[in-house]
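Take a look at the structure below.

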Amino acid sequence: GALAIPMALLLARAVYCALDTNFSVVASLRAALLLNAGGYAMSGALAGAVLAALIAAKIQKTDVKTLLDALAPALLIFVLFERIGEGFTALGISRPLIYDTLKSTFLAQVDDYDAYLRTWLLEAAGAAVLAAVSLCMGKKEKRPGDTFLKTALLYCLAQVFFESLRYDQHLKYGFIGIQ
């Protein structure tokens, strides 16, 4: 934990600064060091936490795969709370909804102009489900490391879907969101 938090913050900011097209307009060392100006990448944060686990396993002389298996559900709990936090920002919503089906449900966010899908809420729910699946897998897997690999695969597959719903233009290149 002592390594994971600073490394996750550092890599989240580094990935954002390196890959976000909006940041490239104002790219400078000073802008990169403005940590309270927003601009973090979930993929960088997760990579930072994994890197911290790899370093911790070496320092503690423990099995890396077993430590990563234990880390997998914790990462998803982090994603759950981060996505809930997006509900208090302008991030994590879809393009304007075309059909009225969802406009009057808790899944829609309505403002003066239109209604939008709360993708942050779907992502938070998805992270909660994946955390539960990861915990269940951890009890059944026989080989160390399999829980982490399967959880990472499921998370990446889910993110392909969720990123296609988002319209925050964060780390987007054309129609492709790289998160």
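## Asp69 and its surroundings

Leaving out residues up to four places away in sequence, Asp69 touches Arg143, Pro144, Gly145, Asp146, Thr147 and Phe148; contact here means heavy atoms within 4.5 Å. Asp69 sits in helix 5, where helices are DSSP runs (H or I, at least four residues) numbered from the N terminus. With a relative accessibility of 16%, Asp69 counts as buried (buried is under 20% relative accessible area, exposed is over 50% and partly exposed is in between, using a 1.4 Å probe and protein chains only). Along the sequence Asp69 and Thr151 are 82 residues apart, yet their C-alpha atoms are 8.8 Å apart in space.

A quick word on the source: this is a predicted model, where local features need pLDDT of at least 70 and side-chain atom pairs count only at pLDDT 80 or more, while totals for chains, interfaces and linings use all residues. Residues are numbered from 1 along each chain as its sequence is written, and side-chain values use heavy atoms, with hydrogens and water left out.

## Two helices side by side

How do helix 5 and helix 7 pack? Helix 5 (residues 64-86) and helix 7 (residues 146-165) have axes 7 Å apart and an angle of about 25 degrees, with axes being lines fitted to C-alpha atoms over the stretch in contact and angles running from 0 to 180 degrees between N-to-C directions. That makes the two helices roughly parallel (under 35 degrees; over 145 is roughly antiparallel, 65 to 115 roughly perpendicular and the rest oblique).

On the helix 5 side, the contact includes Leu68, Asp69, Ala72 and Leu75, and among their partners in helix 7 are Phe148, Thr151 and Tyr155. The contact residues divide into seven nonpolar, three polar and three charged (Ala, Val, Leu, Ile, Met, Phe, Trp, Tyr, Cys and Pro are nonpolar, Asp, Glu, Lys and Arg are charged, and the others, Gly among them, are polar).

## The nonpolar core

Which residues touch the most other members of the largest nonpolar core? Leu75 and Tyr155 do, out of 21 residues. Such a core is a set of buried Ala, Val, Leu, Ile, Met, Phe, Trp, Tyr and Cys residues joined through side-chain atoms within 4.5 Å. Helix 5 gives the most to this core, with seven residues.

Setting aside neighbours within four places in sequence, Leu75 is in contact with Leu46, Ala49, Val50 and Phe148.

Lys61 lies in the loop between helix 4 and helix 5. Lys61 is exposed, at 75% relative accessible area. Its phi is positive, about 55 degrees, although Lys61 is not a glycine. Most residues other than glycine have a negative phi.
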